[in-house]
Amino acid sequence: MLFLWLYMFYSCAGSCAGLAARGSPAPPRAALPLSPLLPGEPGEESSLEEQRAAPDAGSPLSSFFNGSGTKRLPQAIIIGVKKGGTRALLEFLRVHPDVRAVGAEPHFFDRNYERGLAWYRDLMPKTLEGQITMEKTPSYFVTKEAPARISSMSKGTKLIVVVRDPVTRAISDYTQTLSKKPDIPTFESLTFKNRTTGLIDTSWSAIQIGIYAKHLENWLLYFPIGQILFVSGERLISDPAGELGRVQDFLGLKRIITDKHFYFNKTKGFPCLKKAEGSSKPHCLGKTKGRTHPDIDQEVVQRLRDFYRPFNMKFYQMTGQDFGWD
């Protein structure tokens, strides 16, 4: 009798366990926060064709624990403009659990295009299903070849442009250069081809970048206006949560980033995050942001305002937004 009982026990062990596994419902998965804003971790890469065709391997939870996920080409890019507030926007966006972004500027579509899309994709962070991959390189907006190249990668790419009063932007641009090269000529002397005649030197990049309407015309040859979001650099300072709300809507994200994430730093003169990601401490942009501008001759400032006015008006018409620069 003992022998018969032992035989029945061992015979049933494997099959009964299998039936139990098939017949019992799996326990519910715990809801875990997705890891945002980490730069791309090293790892093996599938080919570009395989990446496009194959879904992520494993469940989202196993991907989370194993640090896997998939490197994807960006679905959204902050394309400009320099000294407009692009770094602030990117850092604010990286608070969102469904946004993963490259920290450094890849400069793929202006300086490194010959390296190919596989190289570009390898720079991206790994993402889980439902997360958005992003990068920002402000010089794309003024690079003639960039619109065609991005369109060639994906015609559905969402584009974000952070714009700022072009006069203030030009002075900020000059201030940054001055901090690196203290012996450069004055802002006033660089602004004019001939100060006596008042002819503005549009070949100087600090001036040329601010002619937004001219650059936008090039982008509209490849992308519809509805695929480009224009963020006000001024409102990004005065109402960061409001501007981030618009950006989250544009990207199809739930509005998670709100007023509760920000406080205004009076010393720097712009908003900061109450907590850095993965830390309990507040986080402000570095010392290279919020530099004190040099005093500029007000006559020169007024000449520049007069110069930019018609371009600004055209830009307002093209975008359907009045940014209030004058």
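Helix α10 (residues 212–219) packs against α13 at an angle of about 35°, and their axes are 8 Å apart. The model is a predicted one. Helix α13 (residues 298–319) also meets helix α7 (residues 166–180), where the two axes come within 9 Å.

**Helix α10 against helix α13**

- On the α10 side, the contact is made by Tyr212, Ala213, Leu216 and Glu217.
- On the α13 side, Phe311, Lys314, Phe315, Met318 and Thr319 take part.
- Sorted by class, the residues of this contact are six nonpolar, one polar and two charged.

**Helix α7 against helix α13**

- The axes of α7 and α13 cross at roughly 125°, which makes α7 oblique to α13.
- Pro166, Val167, Thr168 and Ile171 are the α7 residues that meet α13.
- Their partners in α13 are Val301, Leu304, Arg305, Tyr308 and Asn312.
- The contact of α7 with α13 consists of six nonpolar residues, two polar residues and one charged residue.

- Helix α7 has 15 residues, and at 1.5 Å a residue they should span 21 Å.
- Buried residues in α7 include Pro166, Val167, Arg169, Ala170 and Ile171.
- Ser172, Asp173, Tyr174, Thr175 and Gln176 of α7 are buried as well.
- The buried residues of α7 are covered by elements that include α8 (187–191), α9 (205–208), α10 and α13.
- Among the buried residues of α7 are Pro166, Val167 and Ile171, and these three also meet α13.

**Lys83**

- An unreviewed UniProt entry lists Lys83 under "active site".
- Lys83 sits in the loop that runs between β2 (76–80) and α4 (86–93).
- The relative accessible area of Lys83 is 14%, under the 20% cut-off, so Lys83 counts as buried.

**Thr70**

- Thr70 belongs to strand β1 (residues 70–71).
- With a relative accessible area of 14%, Thr70 is buried.
- Thr70 and Pro125 are separated by 55 residues in sequence, while their C-alpha atoms are 8.1 Å apart in space.

Technical notes. Residues numbered from 1 in each chain as written. Predicted model: local features only at pLDDT ≥ 70, side-chain atom pairs only at ≥ 80, totals over all residues. Heavy atoms only, no water. UniProt positions renumbered as here; feature names shortened; annotations may be inferred. Helix = DSSP H or I, 4+ residues; strand = E, 2+ residues; numbered from the N terminus. Buried < 20%, exposed > 50% of the residue type's maximum accessible area, 1.4 Å probe, protein only. Axes fitted to C-alpha atoms, helices over the stretch in contact; angles between N-to-C directions. Parallel < 35°, antiparallel > 145°, perpendicular 65-115°, else oblique. Contact = heavy atoms within 4.5 Å. Nonpolar A, V, L, I, M, F, W, Y, C, P; charged D, E, K, R; others polar. Expected span 1.5 Å × (residues − 1).
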